[in-house]
Amino acid sequence: MSLSSLDPSSIARESLTDPRSLDTQISQTRHRIEILKGWAHILSSSPDDANANEGDNELQAALGKCVLDIGCGQGDHLAATAALFKAQAEHAQGADKNVVIGVDPARLDYGTCAQGLCLSVLGRPWLI
Amino acid sequence: MLVHSIYYLPTASTFTAILRALHASSAQHVFLAEWSLEASSHAQALPHLLSVLLQSVSPLPEGNIRTVLTPNDMVALAAAAGWDLAGEHVIRPDEKLADGYWEASYAQGIAKKAAAAAIVVPLSGAGQDVAAAEETRSEESIKQASVRAHGHALLSAIKALPEGKASNTRAMDVWLAVLKRK
């Protein structure tokens with residue numbers, strides 16, 4: 001499990017349908033990864049440790065097998081979380097597949113990538 | 001998890017209702033991420049903060065900001081819904097994160113409109129005694145003054161940015177929290 005191995009560029013490319021805004025999408029994705037790292041920092045059992053993987057295992061345990069993203073918008077955080085789950089599954093071969101589900105009352109044409117995300121290969125993000 | 005989605009909620013009670021519903025489910029943790037309302041770590045984040053405050057008083061019809069809750073508000077509302085704070089943390093976003101610029105652009109329109117409109121002075125209160133002036137003090141007059149003041153502060157903060165451009169606005173710090181069941 002490896003938050004530090006997540007690559008904003010490749011996640012942004014996989015989740016975006018409009019290549020003109022790729023730079024913006026990469027910044028958004030980088031921010032979402034920093035949020036995941038921040039939560040890992042909060043949960044870390046050794047927060048003073050200058051370890052790059054600080055809190056990774058604690059975050060994995062707290063997220064559990066099914067994550068609900070409430071107000072997912074165009075799915076930026078879905079994509080980052082799905083990429084994290086995918087990295088975990090590759091690390092622990094044969095592990096159960098985790099699921100991240102996004103819900104949002106906005107129209108499906110809000111933003112630029114939500115529908116593309118439904119079809120992407122990033123883990124199993126679902127949009128409702 | 002609720003990630004930059006809390007300001008979109010129609011009211012604070014929607015936040016409480018969501019947290020109660022989650023408490024009634026099998027969820028063990030709730031993860032929050034929202035703007036911290038702190039621009040102290042970077043002067044270029046001030047227009048973002050002022051844009052949020054301006055829109056909290058004068059929301060745009062299709063805007064991103066409808067209900068501004070402070071980190072303390074969110075912790076208190078969560079506690080009432082059965083969730084304890086496991087921990088919190090503040091991060092400073094990368095300078096390329098465009099959210100501060102986007103909000104400053106939207107709010108700039110409200111600020112310019114407010115500045116261009118003539119200030120309305122109720123005639124009945126002018127030049128009369130204090131008691132008569134107090135009577136003209138209404139929700140609407142208080143809101144108008146607040147929008148003008150926030151708008152002025154926003155436009156001044158944008159002017160103080162490098163090259164005076166809103167595009168040089170930085171995103172303010174982000175508050176992160178993890179909640180666990182009581």
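In this predicted model, a nonpolar surface patch is formed by B:Tyr101, B:Trp102 and B:Tyr106. Together the three residues contribute about 280 Å² of accessible area. B:Trp102 lies in helix H4 of chain B, which spans residues 99-116. The relative accessible area of B:Trp102 is 31%. B:Trp102 therefore counts as partly exposed. Patch membership requires over 30% relative accessible area.

Helix H3 of chain B covers residues 71-80. Its buried residues include B:Pro71, B:Met74 and B:Ala78. These three span an arc of only 60 degrees around the axis, so they sit on the same side of H3(B). An α-helix has 3.6 residues a turn, so residues three or four places apart point the same way. B:Asn72 and B:Ala80 are exposed on the other side of H3(B). Just after H3(B), B:Gly82 adopts a positive phi of about 100 degrees.

Chain A contains five helices and three strands. Along the sequence, their order in chain A is α-α-α-β-α-β-α-β. Chain A has 128 residues, and 51% of them count as buried. Contacts in chain A were also examined by sequence separation. Among those between residues at least 6 apart in sequence, 68% join residues at least 24 apart. The accessible surface of chain A amounts to about 6,200 Å². Carbon and sulfur atoms account for 51% of that surface.

How values were computed: Residues are numbered from 1 along each chain as its sequence is written. Chains are lettered from A and ligands numbered from 1 in the order in which they are written. This is a predicted model: local features need pLDDT of at least 70, side-chain atom pairs count only at pLDDT 80 or more; totals for chains, interfaces and linings use all residues. Side-chain values use heavy atoms; hydrogens and water are left out. Patches are made of residues with over 30% relative accessible area and no salt bridge: like charges are joined within 9 Å, nonpolar side chains (Val, Leu, Ile, Met, Phe, Trp, Tyr) within 5 Å. Accessible areas come from the Shrake-Rupley method with a 1.4 Å probe; for residues, only the protein chains shown count as cover. A salt bridge is a side-chain nitrogen of Lys or Arg within 4 Å of a carboxyl oxygen of Asp or Glu. Helices (H or I, at least four residues) and strands (E, at least two) are DSSP runs, numbered from the N terminus. Buried means under 20% relative accessible area, exposed over 50%, partly exposed in between (1.4 Å probe, protein chains only). Contact means heavy atoms within 4.5 Å. The arc is that of the directions from the helix axis to the C-beta atoms.
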